Amino acid sequence: MAFFGDGGSNTGAFHEGLNLAAVWNLPVLFVCENNQYAESTPREVHQKVKDIAIRAMAYDMPGVVVDGMDATSIFAAAGEAIRRAREGGGPTLIEAKTYRFMGHYVGDTGAAYRDAAEVGRWERRDPIPLFRRTLLEERQVAAADLARIEAEVEREIAEAVTFAEQSPEPDVEDALRDVFA
Ligand SMILES: Cc1ncc(C[n+]2csc(CCOP(=O)(O)OP(=O)(O)O)c2C)c(N)n1
Ligand SMILES: [Mg+2]
C-alpha cells in the first residue's frame with residue numbers, strides 16, 4: 001500500500017508507479033489522501049480533474065472514489081481492492097476525499113489560505129466522532145467498551161513516549177537506513 005496526497009498525484013513518480021504496477025500486474029493499493037490542498041495550494045489551482053481516481057483509467061486499473069471521512073466506506077473499498085490484488089487482479093487506485101484540520105507544518109495555522117467556515121464544514125464530519133457514532137448507534141457497541149479501548153490506547157501511547165525518551169539517541173548512519181535515493 002502506497003499513501004500520498006493530491007499534490008503528490010501530479011508528480012512523475014505517481015504516473016510511472018501506476019504504469020509499472022499495471023504492466024506487471026502488481027498487488028498494490030495506491031491510496032491518495034485528497035485533503036484538498038498541496039501545502040497551501042488549493043486543489044483547483046494545481047489540478048484540473050474533478051476526481052483524481054479517474055487517472056487510474058490511463059493505466060487500465062480500477063479507480064475508486066471513497067468518502068475519506070467515513071472509516072466504514074474506506075474499510076469496504078480497501079477490502080475489495082486487497083482481495084482483488086491477492087487474487088492476482090492487479091493494482092487499484094483509491095482516492096479518499098478528506099481534509100487537513102491543521103496547517104501543513106508546525107507554525108502554519110492554515111488561516112492564511114483557508115476560511116474558518118470551510119474548516120468548520122469539514123470538522124463537522126471529523127472521522128473519529130463520526131465512526132464513534134456509527135459504532136454506538138448502528139453497531140450497538142457499548143459506550144463503556146469504547147471508553148476502555150480509549151484508555152488502553154492512551155496508556156499504549158504514554159508507554160511508547162516513555163520508551164522513546166528513555167532510549168539512546170540513534171546512530172548517525174540510521175538517518176540513511178530505509179532511504180531510497
Ligand atoms: C518533487 C517535489 N516537489 C515539490 C516538493 C515540495 N512539497 C513538499 S509538500 C508539497 C505539497 C504536497 O501536497 P500533497 O501531496 O497534497 O500533501 P499535503 O500537503 O496535503 O500533505 C510540496 C509541493 C517536494 N517535496 N517534492
Ligand atoms: Mg494534500
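Predicted model: local features only at pLDDT ≥ 70, side-chain atom pairs only at ≥ 80, totals over all residues.
Residues are numbered from 1 along each chain as its sequence is written, chains are lettered from A and ligands numbered from 1 in the order in which they are written, and side-chain values use heavy atoms, with hydrogens and water left out.

I then looked up distances from oxygen atoms of ligand 1, and found 2.7 Å to an N or O atom in the side chain of Asn-35, 2.9 Å to a polar backbone atom of Gly-8 and 2.8 Å to a polar backbone atom of Glu-39. Of the 580 Å² of accessible area that ligand 1 has on its own, the protein covers 44% (Shrake-Rupley method, 1.4 Å probe).

Next I turned to salt bridges, defined as a side-chain nitrogen of Lys or Arg within 4 Å of a carboxyl oxygen of Asp or Glu, and the count came to nine. One of them joins Asp-67 and Arg-125, whose closest N and O atoms are 2.7 Å apart. Asp-67 lies in strand β5 (residues 63-67) and Arg-125 in the loop between α4 (116-123) and α5 (127-138), so this pair ties together parts 58 residues apart in sequence; helices (H or I, at least four residues) and strands (E, at least two) are DSSP runs, numbered from the N terminus.

I also recorded a salt bridge between Glu-152 and Arg-148 (3.3 Å, N to O), which are four residues apart in helix α6 (residues 143-166) and therefore separated by about one helical turn.

Last, I checked Trp-24, which sits in the loop between α1 (12-23) and β2 (29-34) and is exposed at 57% relative accessible area, where exposed means over 50%, buried under 20% and partly exposed in between (1.4 Å probe, protein chains only). Together with Leu-20, Val-23 and Leu-26, Trp-24 makes a nonpolar surface patch of about 400 Å²; patches take residues with over 30% relative accessible area and no salt bridge, joining like charges within 9 Å and nonpolar side chains (Val, Leu, Ile, Met, Phe, Trp, Tyr) within 5 Å.

Terms used. Polar contact = N/O pair within 3.5 Å; in protein donor to acceptor, adjacent residues only side chain to side chain.
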